[in-house]
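My entries follow in the order in which I went through them.

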Amino acid sequence: MSEKLPKVVPGVEALPSTTHGSLDERAYERLCDAIADGTLAPGQHLRASRLAEELSISRTPVVNALKRLAQAGLVDWVANSGAYVRRFSMLETAQIFELREVLEGLAARHAARNLSERAIDELDALFVDFRGDAGEEAGPRIVRAYLAKDRLFHRSIIEAAGSAPLSRTTDQVHVTTVAFSAGLIRTVSVGIAEHDQIVAAFRARDPEAAEVAMRKHLRRSVDWLYEEAEVERERSRA
């Protein structure tokens, strides 16, 4: 790493010296988001001491965060070497996204019944700043900012479902897919259009339409990933 990690969690500057639990959680969130936006790339060596320096905290919370990332499947521990950002095969990624399609479709169905009008407005407002820059030429900075809002959009819907078992299960699946989000964007405008369909279903208080819209949104990524998995399989045979 040649530069400090960007402030990938909005509102967090330096991590405060509070309890270890709080520092562990914030270090985990920062590192998870850095993997998601490609700042920490697949295969990259994660040195705890260097990351602690970047985050301006002690080494212990970083080590704990790396252990949690390993449990979530985002980090591999290599004997006598350390932690590395995990590389997933396309087939494995497709299968994980397929689980996400089902689980988040169910979350959207429940959220359509539970979301307040204010909460729906807040979901809709997440992408206001991107509508003028949503075309084919959206650069890395815009894409990175959009992905942060996209993760908030999906997390908010999962929380609004009001199901603790669904939240736990979805969180486990979701955290293993965040590192692939950037590569799955067709354009920012397409993503926003699909989000608009989900929000419209929420406004109509239509659980079935909300589930269909969410599953359609994620199915595009699933289909693309399976196509890429087939390409990957053919290359391995050559």
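**Entry 1, overall layout.** I read the elements from the N terminus on and found the order α-β-α-α-β-β-α-α-α-α-α-α, which comes to nine helices and three strands. Helices here are DSSP runs of H or I with at least four residues and strands are runs of E with at least two, numbered from the N terminus. The model is predicted, so I note that local features need pLDDT of at least 70 and side-chain atom pairs count only at pLDDT 80 or more, while totals for chains, interfaces and linings use all residues. Residues are numbered from 1 along each chain as its sequence is written, and side-chain values use heavy atoms, with hydrogens and water left out.

I then looked up burial and found that buried residues make up 43% of the 238 residues, where buried means under 20% relative accessible area, exposed over 50% and partly exposed in between (1.4 Å probe, protein chains only). Of the contacts with a separation of 6 or more, 76% are between residues 24 or more positions apart, a contact being heavy atoms within 4.5 Å.

I followed H9 through residues 207–237, which are 31 residues, and it reaches 44 Å from its first C-alpha to its last, close to the 45 Å expected (1.5 Å times one less than its number of residues). H9 bends by about 30° at Leu-218, the bend being the angle between axes fitted to the seven residues ending there and the seven starting there. Leu-218 is also among the buried residues of H9, which include Pro-207, Met-214, His-217 and Leu-225. I asked what covers the buried residues of H9, and the cover includes helix H4 (90–114), helix H6 (140–160) and helix H8 (188–203).

**Entry 3, aromatic rings.** I found three aromatic pairs in the structure, where rings of Phe, Tyr and Trp (its six-membered ring) pair if their centres lie within 6.5 Å, and planes under 30 degrees apart count as stacked, over 60 as edge-to-face and the rest as tilted. Phe-127 and Tyr-146 have ring centres 5.5 Å apart and planes at 45°, so I record this pair as tilted. This pair links distant parts of the chain, with Phe-127 in the loop between helix H5 (117–125) and H6 and Tyr-146 in helix H6, 19 residues apart. Phe-127 counts as buried at 1% relative accessibility, and Tyr-146 counts as buried at 3%. Phe-130 and Tyr-146 form an edge-to-face pair, with 6.0 Å centre to centre and 80° between the planes. Phe-130 counts as buried at 8% relative accessibility. I also note that Phe-127, Phe-130, Tyr-146 and Phe-153 form one aromatic cluster.

I looked for a charge over a ring, meaning NZ of Lys or CZ of Arg within 6 Å of the ring centre and within 35 degrees of the ring normal. The charged end of Arg-68 sits over the ring of Tyr-28, 3.7 Å from its centre, and that of Arg-86 sits over the ring of Phe-88, 4.2 Å from its centre.

Pro-42 lies in the loop between helix H1 (20–36) and strand S1 (45–46) and is partly exposed, with a relative accessible area of 43%. Leaving aside neighbours within four places in sequence, Pro-42 is in contact with Val-85, Arg-86 and Arg-87.
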